[in-house]
Amino acid sequence: MKICRFVYSHRESIGVVEGDFITDICATARKAGLPPLSTTDALMALGPVLELYIRELQAQAGAPVEVKLSEVKLLPPVEPSKVICLGLNYWDHVEEQNAKPPKDIVIFLKPPTCLVGHMHPVVKPKLTEKLDYEGELAVVIGKECRHVSPGEAYKYIWGYTILNDITARDIQFKDRQWTRGKSFDTFAPVGPHVVTSDEIEDPSDLRIRTRVNGELRQDSTTANMIFKIPEVVSKLSQVMTLKPGDLIATGTPAGVGVFMKPRPKFLEPGDVVEVEIERIGLLKNPIVAEE
C-alpha cells in the first residue's frame with residue numbers, strides 16, 4: 001500500500017493512495033461510526049493486519065470516502081522522532097569525489113523541522129550561495145528496536161519513501177562537519193508517500209534518478225550502496241533506539257551539483273528538483289528564495 005498524510009478542506013488526515021485518488025482513512029472511519037486512526041504511528045501499530053483493517057473499515061462504511069490526489073496538500077508521510085542520514089554510502093558517489101570508501105557507516109542527523117512534503121517549496125537561505133540536492137531512498141522504521149541483527153532488520157521496517165537531503169555546501173565545508181549545512185528548515189523534502197514493505201521485499205536494486213529542471217543529474221541504483229539496508233539498520237540500532245516513524249536516509253549516488261563537471265551546478269530560486277525511485281514514486285519540490 002501507499003500511505004500518505006495530507007490536508008484537504010483545512011483538515012489533516014491519513015490515507016491510502018490508489019491511482020489518482022486517496023481513500024481518506026479518518027473520514028471513512030467516521031462514516032462507519034468508528035474511532036478514526038488519525039496518525040501513521042497508529043497504522044504502523046496494526047502491523048500485518050493493516051490491510052485487513054482498511055478492508056473492514058471500507059466494508060462497514062459501505063463505501064470509502066475518497067478525495068482526488070490533485071486536490072490535496074501532501075504532508076511528510078511520517079512524523080519521525082529523528083531523521084538519520086548516511087554519508088558516503090554509494091560507490092559511485094565516493095568515486096566522483098576521489099574519496100576513500102568508509103570502513104564503517106558515516107551518519108548525521110537532520111532535525112524534524114527540516115521535513116516538508118511533496119510540492120512544498122524548499123527555501124534557499126540567505127546564508128548560502130551553494131545549495132545542493134541529494135536524492136535518497138529512505139527507510140521508515142515501523143517498530144521500536146534496539147540491538148537488532150542484520151537478519152532481523154527487515155522485521156522492523158514499515159516501508160520506504162524518498163528523501164532529498166538538501167545541503168548548503170559552503171556552510172558544510174566551512175564547518176568541517178555537516179549538521180548546520182544540512183539542518184535549515186525545508187532541507188528534507190520527503191514523500192510523496194510511504195510504500196509498505198510488503199510491496200518491496202528487496203530494496204537492494206531500485207533505480208534512483210534526480211532531475212533539476214528536467215535535466216537528469218543522478219541516475220544510479222540502490223545496488224551501488226556500500227552498506228546495505230539490513231546492515232545499516234542493525235548498526236544504527238547498536239547506537240540508538242529506533243522508534244516507529246523514524247527515517248533513515250540511506251545515502252546518495254553520484255551526480256550531486258557540487259561535483260558536476262566542468263563546474264558545479266547549484267540550485268537557485270525558480271529551479272525544480274525531482275527525485276524518482278523505482279516502485280516508490282516521484283518527489284518534486286520547487287526552490288524559492290528566503291524572504
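Tutor: Contact means heavy atoms within 4.5 Å. Aspartate 24 touches Phe6, Arg11, Ser13, Ile14 and Val65, leaving aside residues up to four places away in sequence. This is a predicted model: local features need pLDDT of at least 70, side-chain atom pairs count only at pLDDT 80 or more, and totals for chains, interfaces and linings use all residues. Residues are numbered from 1 along each chain as its sequence is written, and side-chain values use heavy atoms, with hydrogens and water left out.

Student: Why is aspartate 24 called buried?

Tutor: Its relative accessible area is 0%. Buried means under 20%, with exposed over 50% and partly exposed in between (1.4 Å probe, protein chains only). So aspartate 24 is buried.

Student: What makes a polar contact with the side chain of aspartate 24?

Tutor: The side chain of arginine 11, at 2.7 Å. A polar contact is a pair of N or O atoms within 3.5 Å; within protein, one must be able to donate a hydrogen and the other to accept it, and residues adjacent in sequence count only if both atoms are side-chain atoms. The aspartate 24 side chain also reaches the backbone nitrogen of cysteine 26 at 3.1 Å.

Student: Where does aspartate 24 lie?

Tutor: In strand 3, residues 21-24. Strands are DSSP runs of E, at least two residues; helices are runs of H or I, at least four; both are numbered from the N terminus.

Student: Which residues lie closest to the centre of the largest pocket?

Tutor: Gly47, Pro48, Ile157, Trp158 and Ser197, out of 19 lining residues. Strand 12 (157-164) gives the most to that lining, with three residues. Helix 3 (50-61) supplies at least two.

Student: What makes a residue count as lining?

Tutor: An atom within 4 Å of a pocket point; a pocket is an open set of points on a 1 Å grid over the protein atoms alone, where a 1.4 Å probe fits, with protein on both sides within 12 Å along at least five of seven lines.

Student: Which residues lie nearest the centre of the second largest pocket?

Tutor: His93, Gln97, Arg169, Gln172 and Trp178, out of 21 lining residues. Helix 5 (169-175) brings the largest share, three residues.

Student: How do you know that threonine 186 is buried?

Tutor: Its relative accessible area is 9%. That is under 20%, so threonine 186 counts as buried. Threonine 186 sits in the loop between helix 5 and strand 14. Its phi is positive, near 75 degrees, though the residue is not glycine.

Student: Which residues does a cis peptide bond join, with omega about 5 degrees?

Tutor: Glycine 191 and proline 192. Another joins lysine 261 and proline 262, again with omega of about 5 degrees. Most peptide bonds are trans.
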